[in-house]
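Have the viewer open as you read.

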Amino acid sequence: MKKPWLALLALLPVLVLGFSRLRLETDILATLPGDVPEVRALKLLRDGFSGGSDLIIALEAEDEAVSEDLTAAIAEVLGKRTDLVKEVRWGQPMESQARSGAALLAWSLENADPGKLQELRSHLEGSAVKARLQRSLQAVSTSLDAEKIQRSSYDPLGLLDSLDTSAAGALEGSLFGLVSEDGAFRVLMVTPAGSVGNYKAAGTWLAEMKKLVNSIVTDRPGSVPRLRYTGEPAFQAEIGAGIEKDMSSTIGMTEVLIALLFWVMFRRLRPLLWIQGLVMLSMVITLGLGGLLVGKLSIMSLGFAAIVLGIIVDYAVLIIQEARQHPSLPPGELRRLAAPGIAAGACTTAVVFLSLLFSGLPGMAEMGLLVALGVVVGFLVMVFFAPRLAAGRQSGQPVSTTPVWHSHPGLARLGTALLLIASTAVLTTRGLPAFHTGAEALRPTKSEAMDTFEWVQERLGRDNECSLPVLITGPANELKARSSALGIRLDAAVSSGALLRHALPTMLVGDPRARLANRTFIDWLQKEQPRLEKEIDAAGFTEAAMGLLRGICEVWKPGGSEAAAASILNRMIATGVRAEEAGMKKGEGVVLASVSVAGKPGLPDREKLAELQKLLTPETGAWLAGWETLGGALSTLVREDLEQQMLPIIGLIVLTLFITFRRWQDLVLSVLLLSIGMTALAATMSLLGVGWNLASLAAIPLLLGTGIDYGIHILLALQRSQNDVRLVQATTGRAVFFSGMTTVIGFSSLFFAGNRGISSLGLACCLGTIWILIIVLWLLPHWRKWLGGKGSLRQQE
């Protein structure tokens, strides 16, 4: 106590180390529980396939011709910037994709059913090929089926007959799924040349991309197209910049508002300055220690700073209030007088926030730990320094004996009755606030990248359906079998109406045993290529009819089809090192498929989605990997966590209250305070049409902790004053009002957070804190007087 600066000096190396470890976490998935299958599926979808870190450039022009021309120009310029861009993928004309298409078909043939390839060989050997070509020629001449005519004209040998044609949609989507049906909307997928693993690097790289694209667009005549950007680099840059802005703006705004409130209430400049200094010292220590314990600030945990500011400034004000009531006390005596109530409140608040460590959301757990740490640090800093700065330097506080409205017992009775009747009436007529199970609480409040992503889904999707990614996981050598088995299930679901369509890239999934067995056929086909081309020409087909055969054989010559098709295969299949880096076990892999259900792009029909989830049982190894399924899974987890947390939290609060008061009346009043406050909050949310979500549910334990803190200070003051309601409201009540309003200011700053869940958490905490303040400052003193509660034992003696 005599030399607190020595403790600060000893902490300095620890704080420096903590700040060196502190970083901003821009990955939303990192704030979610990794053991939840839906979260794991989203991480696999992003990290397991090439393209997960791509920048998506969405372009919409006045018509198809302008859109195609401009997209080609952008792709050409970006492709030449090898210092910035590794690869550009876009919806090229079909003739431009001949190489990649042939590579995929060659790979598919390598992994086809060996029995089917042997049957194909029997139709192409010797004179049998003439009969096969005549059937194709007849189909071109007489068939009324346009698809059959087209296929026979470019594949007269029937090479594709040995493939799983039901999976052709996956192949088509992999090549041509970047253009809208009207052709005016197109997407470019741009892979960065290097790592853009942190938000600053992503922001710099994204700025370069925008500069390049804008220079291309402005140099071309005609109307200006609509250009927007999304994808992992855009999200990283946006979220990282948002966290920095939220941190600076919320802390700055909170500090200013608290300072203004202090000046309005106390009209003293010097205490305001040293309070601000102690608050900043507390925040510096908290951030340093937080860097050691957590190491990061995420989009969820960034709100801790405003909450801590709103709480710890209360401790200084309570000490100042005691110094004004006892102006002759030295620092030590002042500390002993003020510390017990502050310690009880700080411990209760810290314990409640620490309960968030058991939350199913890691981001929420981090916020709880940081707030609890900040409360403890703030308590120690204020108890060490504030009495030294406040003792003997505060003028005595004159207490007015003039009655005011909130000290009148009749109005308190009326207020109690109205509060109970109104809350009961609202909850009876409108019910409890709804619980929203969607994943909207995890999304940014304002996000150009998210809006653009939804725009892309809308323009590339169909109006009356929602496409969802499906991941098929398992041992790499079983992926083809699992994909085939799942295809049978999904075909049945389409027939029953549960699904509209599905696309499984089964024919692209590797099969080592099939490749070994098909080696003989591949060698034979390459050897027979000249003969087969002569037969095609003799049958009367054009030169284009030989393109498929030539393309496939050309791919096989240099070194195999897998390397030639890798740029597309890696976007749908992950095995080996890439799968392990994405979190799969050694020897396992994952296949990306898609299904479509009734609904709108991004908004599936809930009943159809539930049917689909029942279909994808664990033995299939298949999981839905969309944000659409994440909300329900996390909401269930959060509700279970809350149910498990509430009993220990209530037990700890009751124990703290018993140790603090040792009187059943004060214990009952504290429980009554919290119960009626939470009831009033529920009624207000129902009246406003605001529901709970998986983030705002955390407001319940938080309000229990902060609410009981105010009750402790008022009830202890009533003990000391022998239930002098007017005196307590004019003295301690004044300090508690300031404390409560600073907490409201801290929570209200969360409204402007970049995350919808944190914003809704701030709203719920603000409303709840206001109701608890009304009860604590107006009704609670009268309730204690009506119960006949006595003063402290010391005063009774």
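Predicted model: local features only at pLDDT ≥ 70, side-chain atom pairs only at ≥ 80, totals over all residues.

Residues are numbered from 1 along each chain as its sequence is written, and side-chain values use heavy atoms, with hydrogens and water left out.

Back to the pair. Helix α25 spans residues 664-688 and helix α26 residues 699-720; they pack at about 140 degrees with axes 10 Å apart. The axes are lines fitted to C-alpha atoms, for helices over the stretch in contact, and angles run from 0 to 180 degrees between N-to-C directions. That angle makes α25 oblique to α26, because under 35 degrees counts as roughly parallel, over 145 as roughly antiparallel, 65 to 115 as roughly perpendicular, and the rest as oblique. The contact (heavy atoms within 4.5 Å) involves residues including L669, L673 and M678 of α25 and L703, G707 and G711 of α26. By class it has ten nonpolar, four polar and one charged residues; here Ala, Val, Leu, Ile, Met, Phe, Trp, Tyr, Cys and Pro are nonpolar, Asp, Glu, Lys and Arg charged, and the others, Gly among them, polar.

Next, what is the handedness of the crossing where α19 passes α20? It is left-handed. The axes of α19 (residues 519-538) and α20 (residues 547-556) come within 10 Å and cross at roughly 140 degrees, which makes α19 oblique to α20. Among the contact residues are L525 and Q529 of α19, with R550 and W556 of α20; the contact divides into six nonpolar, two polar and two charged.

Now α12 (residues 304-325) and α14 (residues 362-390): their packing angle is about 25 degrees, with the axes 9 Å apart. The two are therefore roughly parallel, and their crossing is right-handed. The contact includes I311, Y315 and I319 of α12 and V371, G374 and F379 of α14, and its classes are 19 nonpolar, two polar and no charged residues.

Finally, the holes. A search of the whole structure turns up seven cavities of 30 Å³ or more. On a 1 Å grid over the protein atoms alone, a cavity is a set of points where a 1.4 Å probe fits but cannot get out, and lining residues have an atom within 4 Å of a point. Grid points are joined across faces, edges and corners, and a volume is the space filled by probe spheres set on the points. The largest cavity holds about 100 Å³. Its lining has 13 residues, with L356, S359, V638, L697 and A698 nearest the centre, and divides into ten nonpolar, two polar and one charged. Helix α24 (residues 627-661) gives the largest share of that lining, four residues.

How values were computed: 1 Å grid on protein atoms, 1.4 Å probe; cavity = no way out; pocket = protein on both sides within 12 Å on 5 of 7 lines; lining within 4 Å. Left-handed = near helix turned anticlockwise from the far one by under 90°.
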